[in-house]
Amino acid sequence: MKHDDLSLATKLIHAGEIRPGVLGAVSLPIFQSATYEYAQAAHYHDIKYIRLNNTPNHTVLHAKLAALENAEAALVAASGMAAITTGILSVLTSGDRILAQESLYGGTHDFFTKHLAGFGIGYDFLDIEDPASWQGRLRPTTKAIYVETISNPLMQVPDLEAVVKFARAHGLVSMIDNTFATPVNFRPAEHGFDLSFHSATKYLNGHSDIVGGAVIGRADLVEKALLKLDTLGGSMDPHACFLLHRGLKTLALRVQFQNGSASRIARFLAGHPAVAKINYPGLENNPGFARASRLFDGFGGMLSFELKGGVEAAERFMKAVALPIIAPSLGGVETLMTRPATTSHLGMSPEDRKRIGIADGLIRLSVGIEATEDLIRDFERAARGVRS
Ligand code: PLP
């Protein structure tokens, strides 16, 4: 059966699967084998070996992930950072430069600011809200442009159509971290992006029990990333592949619920007198609202907010909530809450955080799949304590 005309929910179950199942098994078993019997492979990368990303657990995931974003190809990696760093290093080489949004996940920001120079690669941060200024940052050696669909932790939605247009006009490879949006809400290949990255640790797996990543996009670029990953060695273990595969099957159910729940929570917080500022692209007064409404199928399950009273109020609120677990990471079935200045963006200098707009008191919320009413009641009670 061809999968091109199936909806995403159906592809999550059926795309890429080995049918009939292995020895009749409905679920793909874990192929916990490091190596496979020699089969006269003509090329090194075709030898069946666990690091070369070609066990059945890898290849089934590759086909499914590509189908989910309507892209040509996909590749899984040992972590989101393995996917991002390997993907970037497969496109850029010594002497090249990359343009990027400055407000990024802390680990990615660190890679740009602290590690790229060691590879002889330069970067230039963009004023992402001002596409007219991008041309001024371009140099003859610029080869790529990098953004996040919904940025961590400020939930900015860059002008994604302008990014693709700019990349095409100047022969740049366009790259996007689609972790927060997920393929349920946004499929970068449909909008012309060349490569999309995911921390599969988050929504794709959805159960906060593995670390993993994915590179999805143009077949020629995914092939380059595969050859680089084979060599750098950041390959996903088959047991993690199995858990990711299992988690993916409920992605649409989870994310659609989380879209709805986060929207209701964002509206509740936006109207609460203890809240000073809220970042959620599904709120009409958010700068990304019109863009997100046009491009996305949902606004996502992530939001961030500041309370009146800064860090002290944030700490009191986080101690007072009963249901959210105070922990970094996101995208799981349980609601998680963190202060990015102390976790995901702790590696960024306080000056950089201040310039970008990441206040010390900013609270990031990853909405899980608990009943929305229970979460709102919990926040209402915790906010009452902050104000008294
Ligand atoms: N991209 C985003 C948006 C993230 O939030 C994270 C981790 O929090 C990563 C990438 C890195 O993923 P991993 O921890 O799986 O390496």
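Contact here means heavy atoms within 4.5 Å. The model is predicted: local features need pLDDT of at least 70, side-chain atom pairs count only at pLDDT 80 or more, and totals for chains, interfaces and linings use all residues. Residues are numbered from 1 along each chain as its sequence is written, and side-chain values use heavy atoms, with hydrogens and water left out.

**View A. Helix H8 and its surroundings.** Helices (H or I, at least four residues) and strands (E, at least two) are DSSP runs, numbered from the N terminus. Eight of the 11 residues of H8 are buried, and the helix is mostly covered; buried means under 20% relative accessible area, exposed over 50%, and partly exposed in between (1.4 Å probe, protein chains only). The buried set consists of Pro-238, Ala-240, Cys-241, Leu-243, Leu-244, His-245, Gly-247 and Leu-248. Packed against these residues are helix H1 (8-14), helix H2 (56-68), strand S1 (73-77) and H9.

**View B. Ser-235 in the loop between H7 and H8.** The loop joins helix H7 (219-232) to helix H8 (238-248). Ser-235 has a relative accessible area of 16% and is therefore buried. Its side chain reaches the backbone oxygen of Arg-51 at 2.8 Å. The side chain of Ser-235 also makes a polar contact with the side chain of Asn-53 (3.3 Å). A polar contact is a pair of N or O atoms within 3.5 Å; within protein, one must be able to donate a hydrogen and the other to accept it, and residues adjacent in sequence count only if both atoms are side-chain atoms. Not counting residues up to four places away in sequence, Ser-235 touches Ile-50, Arg-51, Asn-53, Ala-77, Ala-78 and Leu-229.

**View C. The crossing of helices H3 and H4.** The axes of H3 (residues 80-91) and H4 (residues 106-115) come within 10 Å and cross at roughly 30°. Axes are lines fitted to C-alpha atoms, for helices over the stretch in contact, and angles run from 0 to 180 degrees between N-to-C directions. H3 and H4 are therefore roughly parallel to each other, a term for angles under 35 degrees. On the H3 side the contact is made by Met-81, Ile-84, Thr-85, Ile-88 and Leu-89, and on the H4 side by Gly-107, Thr-108, Phe-111 and Phe-112. By class, this contact has six nonpolar, three polar and no charged residues. Ala, Val, Leu, Ile, Met, Phe, Trp, Tyr, Cys and Pro count as nonpolar, Asp, Glu, Lys and Arg as charged, and the others, Gly among them, as polar.

**View D. Helix H5 and what covers its buried residues.** In H5 (residues 160-169), the buried residues are Leu-160, Ala-162, Val-163, Val-164, Phe-166 and Ala-167. Their cover includes strands S2 (97-101), S4 (142-148) and S5 (173-177), and helix H10 (289-295). Gly-171 follows H5 and has a positive phi, near 65°.

**View E. Phe-268 in helix H9.** H9 spans residues 251-270. Phe-268 counts as buried, at 17% relative accessibility. Not counting residues up to four places away in sequence, Phe-268 touches Ile-376, Phe-379 and Glu-380.

**View F. Arg-353 in helix H12.** H12 covers residues 350-356. With a relative accessible area of 8%, Arg-353 is buried. Not counting residues up to four places away in sequence, Arg-353 touches Ala-341, His-345, Leu-346, Met-348, Ile-358 and Asp-360.

Notes. Angles under 35 degrees count as roughly parallel, over 145 as roughly antiparallel, 65 to 115 as roughly perpendicular and the rest as oblique.
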